[in-house]
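Good morning, and thank you for joining this group meeting. I would ask you to look at the sequence and the structure together while I speak.

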Amino acid sequence: MIHDEIDRRLLAELQEEGRITNVELAQRVGLTAPPCLRRVRALEERGAIRGYHADLDPAALGFTITVFAMVSLKSQAEESLRAFEDQMADLPEVRECHMLNGEIDFIVKIVSRDLQSFQEFLTSKLTPTPNVGSVKTSLVIRSSKVKPGVPLE
C-alpha cells in the first residue's frame, strides 16, 4: 500500500519516466537522494513497482498488426482456466491476457508482423489450444490512447 503523498509522487514520476536518475527524482519530489532511494527500494520490495521497461514502438520494429481476441473456453473449471493462462504466457505474440466475467472468458492482445503472420498464429497456436471453444478477433485500426499504469494524480 502507498503510505503517503511522497510515495504517490515518486510512483507518478517513475511511471512517466522510468529512466530518471535518483538525483532528479529526489529533486522533483522534494527529497534528498538517499531517502529517495530508500523509498523507491521500499516500494519495489512491497511490490508497488513491478519492474522497469522500455516502451517500444511496434510499427517501427515491423509489428504492424495488433489484434484483440475474445476467447471462450469449453470448461471454466479453475484447472482449465489456469492451463489456458499458462499456454498464453508461453506465446511471445501474446502481449496481454485478461480473464473476464460474462460471455467471454479471456481477452488476449496479440501483435504480429503482418496479417499473414497473425493468421498463422491464429490457426496454428490459438484456436488449437486445448479447451478453446471459440475465438472472435478484432483488428486494431488505430489507438488514440495507450497509457500503462494507474492514475496516481
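Which residues does Leu25 touch, not counting residues up to four places away in sequence? Before I answer, a word on the basis of this talk. This is a predicted model, in which local features need pLDDT of at least 70 and side-chain atom pairs count only at pLDDT 80 or more, while totals for chains, interfaces and linings use all residues. Residues are numbered from 1 along each chain as its sequence is written, and side-chain values use heavy atoms, with hydrogens and water left out.

Now to the answer. Leu25 touches Leu10, Glu13, Leu14, Ile20, Cys36 and Val40, where contact means heavy atoms within 4.5 Å. Leu25 itself belongs to helix α2, which covers residues 22-29. Helices here are DSSP runs of H or I with at least four residues, strands are runs of E with at least two, and both are numbered from the N terminus. With a relative accessible area of 3%, Leu25 is buried; buried means under 20% relative accessible area, exposed over 50%, and partly exposed in between, using a 1.4 Å probe and protein chains only. The C-alpha atoms of Leu25 and Leu37 are 9.1 Å apart, and these two residues are separated by 12 positions along the chain.

Just after α2, Gly30 takes a positive phi of about 80°.

How do these helices meet? I begin with α1 and α2, whose axes are 10 Å apart and which pack at an angle of about 130°. Axes are lines fitted to C-alpha atoms, for helices over the stretch in contact, and angles run from 0 to 180 degrees between N-to-C directions. Angles under 35 degrees count as roughly parallel, over 145 as roughly antiparallel, 65 to 115 as roughly perpendicular, and the rest as oblique. α1 and α2 are therefore oblique to each other. Arg9, Leu10, Glu13 and Leu14 of α1 make this contact with Leu25, Arg28 and Val29 of α2.

Next come α2 and α3, whose axes come within 9 Å and cross at roughly 95°. These two helices are therefore roughly perpendicular to each other. On the α2 side the contact is made by Asn22, Val23, Leu25 and Ala26, and on the α3 side by Ala33, Cys36, Leu37 and Val40.

Ile6, Asp7, Leu10, Leu11 and Leu14 of α1 meet Cys36, Arg39, Val40 and Leu43 of α3.

Finally, I turn to another part of the chain. Asn131 lies in the loop between α5 (115-126) and β4 (132-139). Although Asn131 is not a glycine, it has a positive phi of about 80°. Asn131 counts as buried, at 19% relative accessibility.
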